[in-house]
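Hi,

Here is the structure I promised to send over.

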Amino acid sequence: MQTEAHPLVNKFQLKEDLNPVFPMGVPWVRYFGTYKDLNINIIWPGKDTILGVDSVGTISASLVTYASSLALQPDLIINAGTAGGFKIFAYLSTKIMRQTFELCLMQCFDMYSTLMFSCFQAKGASIADIFLASDVAFHDRRIPIPVFDLYGVGLRQAFPTPNLVKTLNLKVGKLSTGDSLDTSPKDEASIVSNDATIKDMEGAAVAYVADLLKVPAIYVKAVIDIVDGDKPTGVEFLQNLLAVTAALDQAVTEVVDFINGRCLSEL
């Protein structure tokens with residue numbers, strides 16, 4: 001979104017490309033420049049040409065990633081943006097565990113209570129938390145046919161950056177992507193199956209293209225709403241947008257500063 005992109009454009013003192021490298025008529029906007037020893041390009045998908053709103057979702061993300069990768073030949077893609085997070089992520093999977101191991105756990109209630117508590121605490125997300133995704137997958141491409149089901153999920157790993165994670169003390173979690181802001185019961189079941197802590201509307205599409213073109217990609221996400229919280233998603237998203245965007249801006253700056261002067265193998 002424009003609100004996410006512009007603070008970084010200003011931070012890195014980038015300028016808009018007035019002779020765009022993209023096909024004529026597309027709304028995509030490129031900002032470019034040099035920051036320290038890095039050549040940086042920020043690509044904003046722009047506004048929908050009919051409705052005038054930010055071009056969000058997997059279609060725009062995949063098209064922009066493909067065109068940008070071919071035109072600019074990047075060494076690394078950073079997909080930065082906001083995401084929904086789960087504060088009690090393991091609720092559904094814990095229910096499944098309880099049903100599966102019911103007989104055993106009835107005899108070991110104390111052990112079950114401890115297990116459930118640990119599971120609930122392990123993957124909680126809070127507003128403005130910064131996550132680096134370890135894996136990305138789709139949660140709304142349901143194709144109940146053998147092998148096609150795996151294709152629909154489209155699980156892919158992010159480029160590994162253990163030194164980056166350790167140095168910046170970033171949270172790490174799996175990212176699940178879908179084209180809706182809300183979360184239906186079927187989406188939620190798929191997100192649990194994906195073992196995801198955060199959800200967005202672009203990441204897995206970027207991952208698909210990056211994998212296709214063999215470009216390393218990482219995913220920096222700031223939690224803007226709590227999916228399993230008590231506030232409507234749209235209301236919470238708009239309420240937190242400016243503050244969380246500032247946190248994202250700071251996190252991406254720290255990531256870029258860490259990358260500067262290092263080889264990919266040192267990340």
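Below is what I found for two helix pairs. Please keep in mind that this is a predicted model.

Let me start with α2 and α9. Helix α2 covers residues 58-72 and helix α9 covers residues 203-213; their axes lie 8 Å apart, at an angle of about 30 degrees. Angles under 35 degrees count as roughly parallel, and α2 and α9 are therefore roughly parallel to each other. Their crossing is right-handed. On the α2 side, the contact is made by Thr 58, Ala 61, Ser 62, Thr 65, Tyr 66, Ser 69 and Leu 70, which meet Ala 205, Val 206, Val 209 and Leu 213 of α9. Sorted by class, that contact between α2 and α9 holds seven nonpolar and four polar residues, with no charged ones.

The other pair is α1 and α10. Here helix α1 (residues 2-11) crosses helix α10 (residues 233-259) at roughly 45 degrees, and the axes come within 9 Å. That angle makes α1 oblique to α10. The crossing of α1 and α10 is right-handed. From α1, the residues involved are Thr 3, Glu 4, Pro 7, Leu 8 and Lys 11; their partners in α10 are Leu 241, Leu 242, Thr 245, Leu 248, Asp 249, Val 252 and Thr 253. The contact of α1 with α10 has six nonpolar residues, three polar and three charged.

Best wishes

Notes. Residues are numbered from 1 along each chain as its sequence is written. This is a predicted model: local features need pLDDT of at least 70, side-chain atom pairs count only at pLDDT 80 or more; totals for chains, interfaces and linings use all residues. Side-chain values use heavy atoms; hydrogens and water are left out. Axes are lines fitted to C-alpha atoms, for helices over the stretch in contact, and angles run from 0 to 180 degrees between N-to-C directions. Helices (H or I, at least four residues) and strands (E, at least two) are DSSP runs, numbered from the N terminus. Angles under 35 degrees count as roughly parallel, over 145 as roughly antiparallel, 65 to 115 as roughly perpendicular and the rest as oblique. A crossing is left-handed if the near helix is turned anticlockwise from the far one by less than a right angle, and right-handed if clockwise. Contact means heavy atoms within 4.5 Å. Ala, Val, Leu, Ile, Met, Phe, Trp, Tyr, Cys and Pro count as nonpolar, Asp, Glu, Lys and Arg as charged, and the others, Gly among them, as polar.
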